Amino acid sequence: ELIAFGVSNIFGGCFSSFVASTALSRTAVQESTGGKSQVAGLISALIVMIVILALGPFLQPLQKSVLAGIVIANLKGMFMQVSDVRVLWRQNRTDGLIWIAACLASIVLGLDMGLLAGLLFEMGTVVARTQFPSCTSLGNIPNTNIYKNIKDYKKINEIPGIKIFKCNSPIYFANIDYFKEKLRDEASFLSEFIYK
(Lines give C-alpha, C1' and ligand atoms only; values in the text may rest on other atoms or scores of the structure.)
Protein backbone atom coordinates (compact mmCIF):
# COMPACT_ATOMS: atom_id res chain seq x y z
CA GLU A 1 0.00 0.00 0.00
CA LEU A 2 2.79 2.43 0.86
CA ILE A 3 4.58 1.60 -2.40
CA ALA A 4 1.37 2.25 -4.35
CA PHE A 5 0.88 5.61 -2.65
CA GLY A 6 4.52 6.52 -3.23
CA VAL A 7 4.34 5.71 -6.95
CA SER A 8 1.04 7.56 -7.36
CA ASN A 9 2.46 10.62 -5.59
CA ILE A 10 5.59 10.56 -7.79
CA PHE A 11 3.52 10.55 -10.97
CA GLY A 12 1.01 12.98 -9.48
CA GLY A 13 3.81 15.38 -8.55
CA CYS A 14 4.89 15.54 -12.19
CA PHE A 15 1.45 16.76 -13.29
CA SER A 16 0.53 19.09 -10.36
CA SER A 17 -2.23 16.85 -9.04
CA PHE A 18 -3.42 16.39 -5.47
CA VAL A 19 -1.44 14.22 -3.08
CA ALA A 20 -2.91 10.76 -2.44
CA SER A 21 -3.02 9.57 1.16
CA THR A 22 -4.96 7.28 3.45
CA ALA A 23 -6.13 7.15 7.03
CA LEU A 24 -4.02 4.80 9.14
CA SER A 25 -7.02 3.86 11.25
CA ARG A 26 -9.05 2.79 8.21
CA THR A 27 -6.18 0.62 7.01
CA ALA A 28 -5.92 -1.02 10.45
CA VAL A 29 -9.66 -1.68 10.55
CA GLN A 30 -9.55 -3.18 7.06
CA GLU A 31 -6.66 -5.44 8.07
CA SER A 32 -8.43 -6.58 11.24
CA THR A 33 -11.57 -7.53 9.26
CA GLY A 34 -9.54 -9.58 6.81
CA GLY A 35 -9.80 -7.33 3.75
CA LYS A 36 -7.00 -7.94 1.26
CA SER A 37 -8.17 -6.61 -2.10
CA GLN A 38 -9.20 -3.32 -3.67
CA VAL A 39 -12.86 -4.36 -3.30
CA ALA A 40 -12.46 -4.25 0.48
CA GLY A 41 -11.08 -0.72 0.15
CA LEU A 42 -14.06 0.26 -2.02
CA ILE A 43 -16.53 -1.19 0.49
CA SER A 44 -14.83 0.56 3.41
CA ALA A 45 -14.90 3.85 1.45
CA LEU A 46 -18.64 3.41 0.84
CA ILE A 47 -19.25 2.68 4.52
CA VAL A 48 -17.25 5.76 5.54
CA MET A 49 -19.29 7.86 3.07
CA ILE A 50 -22.57 6.51 4.47
CA VAL A 51 -21.43 7.18 8.04
CA ILE A 52 -20.38 10.74 7.19
CA LEU A 53 -23.53 11.61 5.26
CA ALA A 54 -26.22 9.66 7.12
CA LEU A 55 -24.90 9.10 10.65
CA GLY A 56 -22.72 12.20 10.94
CA PRO A 57 -25.44 14.45 12.36
CA PHE A 58 -26.20 11.85 15.05
CA LEU A 59 -22.51 11.62 16.08
CA GLN A 60 -22.02 15.40 16.21
CA PRO A 61 -23.33 15.95 19.77
CA LEU A 62 -21.13 13.18 21.18
CA GLN A 63 -18.19 14.25 23.29
CA LYS A 64 -14.70 13.93 21.86
CA SER A 65 -13.82 11.36 24.51
CA VAL A 66 -16.54 9.01 23.19
CA LEU A 67 -15.33 9.44 19.62
CA ALA A 68 -11.76 8.85 20.79
CA GLY A 69 -12.91 5.65 22.51
CA ILE A 70 -14.37 4.42 19.22
CA VAL A 71 -11.11 5.13 17.40
CA ILE A 72 -9.01 3.46 20.13
CA ALA A 73 -11.25 0.36 20.08
CA ASN A 74 -10.71 0.06 16.32
CA LEU A 75 -6.95 0.57 16.67
CA LYS A 76 -6.50 -2.04 19.39
CA GLY A 77 -4.30 -4.17 17.12
CA MET A 78 -1.94 -1.29 16.51
CA PHE A 79 -1.72 -0.48 20.22
CA MET A 80 -0.90 -4.13 20.97
CA GLN A 81 2.37 -3.70 19.05
CA VAL A 82 3.77 -2.20 22.26
CA SER A 83 4.22 -5.79 23.49
CA ASP A 84 6.76 -6.33 20.68
CA VAL A 85 9.17 -3.86 22.30
CA ARG A 86 10.59 -6.57 24.59
CA VAL A 87 11.45 -8.80 21.65
CA LEU A 88 12.92 -5.88 19.72
CA TRP A 89 14.94 -4.79 22.76
CA ARG A 90 16.43 -8.30 23.12
CA GLN A 91 17.31 -8.49 19.42
CA ASN A 92 18.88 -5.03 19.10
CA ARG A 93 18.88 -2.47 21.91
CA THR A 94 19.56 0.46 19.61
CA ASP A 95 16.53 -0.34 17.43
CA GLY A 96 14.41 -0.78 20.55
CA LEU A 97 15.55 2.59 21.86
CA ILE A 98 14.73 4.22 18.51
CA TRP A 99 11.24 2.67 18.60
CA ILE A 100 10.61 3.92 22.15
CA ALA A 101 11.93 7.42 21.37
CA ALA A 102 9.81 7.74 18.21
CA CYS A 103 6.70 6.49 20.01
CA LEU A 104 7.11 8.85 22.96
CA ALA A 105 7.91 11.80 20.68
CA SER A 106 4.78 11.07 18.60
CA ILE A 107 2.63 10.99 21.73
CA VAL A 108 4.10 14.18 23.21
CA LEU A 109 4.73 16.29 20.08
CA GLY A 110 2.06 14.99 17.71
CA LEU A 111 2.44 12.60 14.80
CA ASP A 112 4.27 14.80 12.29
CA MET A 113 6.78 16.34 14.73
CA GLY A 114 7.13 13.02 16.57
CA LEU A 115 8.10 11.20 13.38
CA LEU A 116 10.59 13.96 12.58
CA ALA A 117 12.06 13.70 16.10
CA GLY A 118 12.25 9.90 15.75
CA LEU A 119 14.03 10.25 12.40
CA LEU A 120 16.53 12.74 13.83
CA PHE A 121 17.14 10.47 16.84
CA GLU A 122 17.74 7.50 14.53
CA MET A 123 20.19 9.52 12.42
CA GLY A 124 21.99 10.53 15.61
CA THR A 125 22.37 6.89 16.65
CA VAL A 126 23.80 6.04 13.22
CA VAL A 127 26.38 8.83 13.55
CA ALA A 128 27.26 7.73 17.09
CA ARG A 129 27.62 4.09 16.04
CA THR A 130 29.91 4.94 13.14
CA GLN A 131 32.00 7.42 15.13
CA PHE A 132 32.72 4.90 17.87
CA PRO A 133 32.92 1.53 16.09
CA SER A 134 33.41 -1.70 17.96
CA CYS A 135 36.97 -2.87 17.42
CA THR A 136 38.19 -6.27 18.59
CA SER A 137 41.33 -8.33 18.65
CA LEU A 138 40.88 -11.88 17.35
CA GLY A 139 42.47 -15.16 18.35
CA ASN A 140 42.38 -18.70 17.02
CA ILE A 141 40.19 -21.40 18.57
CA PRO A 142 42.55 -24.38 18.99
CA ASN A 143 42.48 -27.04 16.25
CA THR A 144 40.16 -24.99 14.01
CA ASN A 145 40.34 -22.26 11.38
CA ILE A 146 37.92 -20.09 13.37
CA TYR A 147 38.96 -16.73 14.84
CA LYS A 148 36.91 -15.11 17.60
CA ASN A 149 37.13 -12.13 19.97
CA ILE A 150 39.73 -12.70 22.66
CA LYS A 151 37.62 -10.98 25.33
CA ASP A 152 34.57 -13.20 24.70
CA TYR A 153 36.28 -16.60 24.84
CA LYS A 154 38.65 -18.13 27.39
CA LYS A 155 40.55 -20.78 25.45
CA ILE A 156 41.74 -18.79 22.47
CA ASN A 157 45.33 -18.62 21.30
CA GLU A 158 46.96 -15.56 19.79
CA ILE A 159 49.37 -16.29 16.98
CA PRO A 160 52.87 -15.27 18.14
CA GLY A 161 54.09 -12.11 16.38
CA ILE A 162 50.75 -11.53 14.63
CA LYS A 163 47.88 -9.35 15.83
CA ILE A 164 44.49 -9.73 14.12
CA PHE A 165 42.46 -6.53 14.53
CA LYS A 166 38.84 -6.28 13.43
CA CYS A 167 36.73 -3.13 13.07
CA ASN A 168 33.00 -3.68 12.48
CA SER A 169 32.22 -0.26 10.99
CA PRO A 170 33.36 1.61 7.91
CA ILE A 171 36.39 3.83 8.48
CA TYR A 172 36.00 7.46 7.42
CA PHE A 173 37.16 10.93 8.48
CA ALA A 174 34.94 11.15 11.59
CA ASN A 175 36.17 7.94 13.22
CA ILE A 176 39.75 7.64 11.95
CA ASP A 177 41.26 9.06 15.18
CA TYR A 178 39.23 6.65 17.30
CA PHE A 179 40.31 3.79 15.02
CA LYS A 180 43.99 4.77 15.30
CA GLU A 181 43.73 4.96 19.09
CA LYS A 182 42.14 1.51 19.35
CA LEU A 183 44.64 0.03 16.93
CA ARG A 184 47.53 1.57 18.89
CA ASP A 185 46.13 0.15 22.15
CA GLU A 186 45.75 -3.36 20.70
CA ALA A 187 49.04 -3.50 18.83
CA SER A 188 51.59 -1.32 20.54
CA PHE A 189 54.41 -2.72 18.41
CA LEU A 190 52.77 -1.21 15.29
CA SER A 191 52.62 2.34 16.66
CA GLU A 192 55.47 3.63 14.51
CA PHE A 193 53.68 2.52 11.32
CA ILE A 194 50.30 4.08 12.19
CA TYR A 195 51.46 7.67 11.73
CA LYS A 196 53.47 7.08 8.54
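Visitor: What does the accessible surface of the protein come to, and what percentage of it belongs to carbon and sulfur atoms?
Guide: This is a predicted model, in which local features need pLDDT of at least 70, side-chain atom pairs count only at pLDDT 80 or more, and totals for chains, interfaces and linings use all residues. Residues are numbered from 1 along each chain as its sequence is written, and side-chain values use heavy atoms, with hydrogens and water left out. Accessible areas come from the Shrake-Rupley method with a 1.4 Å probe, and for residues only the protein chains shown count as cover. On that basis the accessible surface is about 15,300 Å², and the share of carbon and sulfur atoms is 66%.

Visitor: Which pattern does the protein follow along the sequence?
Guide: Helices (H or I, at least four residues) and strands (E, at least two) are DSSP runs, numbered from the N terminus. The protein has ten helices and three strands. Read in sequence order, the pattern is α-α-α-α-α-α-α-α-β-β-β-α-α.

Visitor: Is helix H7 roughly parallel or roughly antiparallel to H8?
Guide: Axes are lines fitted to C-alpha atoms, for helices over the stretch in contact, and angles run from 0 to 180 degrees between N-to-C directions. Helix H7 (residues 93-109) packs against helix H8 (residues 111-131) at an angle of about 155°, with the axes 7 Å apart. Angles under 35 degrees count as roughly parallel, over 145 as roughly antiparallel, 65 to 115 as roughly perpendicular and the rest as oblique. H7 is therefore, relative to H8, roughly antiparallel.

Visitor: How do the residues of the contact of H7 with H8 divide into nonpolar, polar and charged?
Guide: Contact means heavy atoms within 4.5 Å. Residues of H7 that meet H8 include Leu-97, Ile-98 and Ala-101, while those on the H8 side include Phe-121, Glu-122 and Arg-129. Ala, Val, Leu, Ile, Met, Phe, Trp, Tyr, Cys and Pro count as nonpolar, Asp, Glu, Lys and Arg as charged, and the others, Gly among them, as polar. The contact of H7 with H8 thus comprises eleven nonpolar, five polar and two charged residues.

Visitor: Is Ser-106 buried or exposed?
Guide: Ser-106 is found in helix H7. Beyond residues up to four places away in sequence, Ser-106 touches Leu-111, Gly-114 and Leu-115. Buried means under 20% relative accessible area, exposed over 50%, and partly exposed in between (1.4 Å probe, protein chains only). With a relative accessible area of 17%, Ser-106 is buried.

Visitor: How far apart in space are Thr-94 and Thr-125, C-alpha to C-alpha?
Guide: Thr-94 lies in helix H7 and is partly exposed, at a relative accessible area of 23%. Leaving aside neighbours within four places in sequence, Thr-94 is in contact with Thr-125 and Arg-129. Thr-94 and Thr-125 are 31 residues apart in sequence, and their C-alpha to C-alpha distance is 7.6 Å.

Visitor: What is the relative accessibility of Ser-137?
Guide: Ser-137 lies in strand E1 (residues 135-140). Not counting residues up to four places away in sequence, Ser-137 touches several residues, among them Lys-148, Ile-150 and Glu-186. Ser-137 counts as buried because its relative accessibility is 6%.

Visitor: What is the phi of Asn-143?
Guide: Asn-143 lies in the loop between E1 and strand E2 (147-149), and at 83% relative accessibility Asn-143 counts as exposed. Although Asn-143 is not a glycine, its phi is positive, at about 65°.
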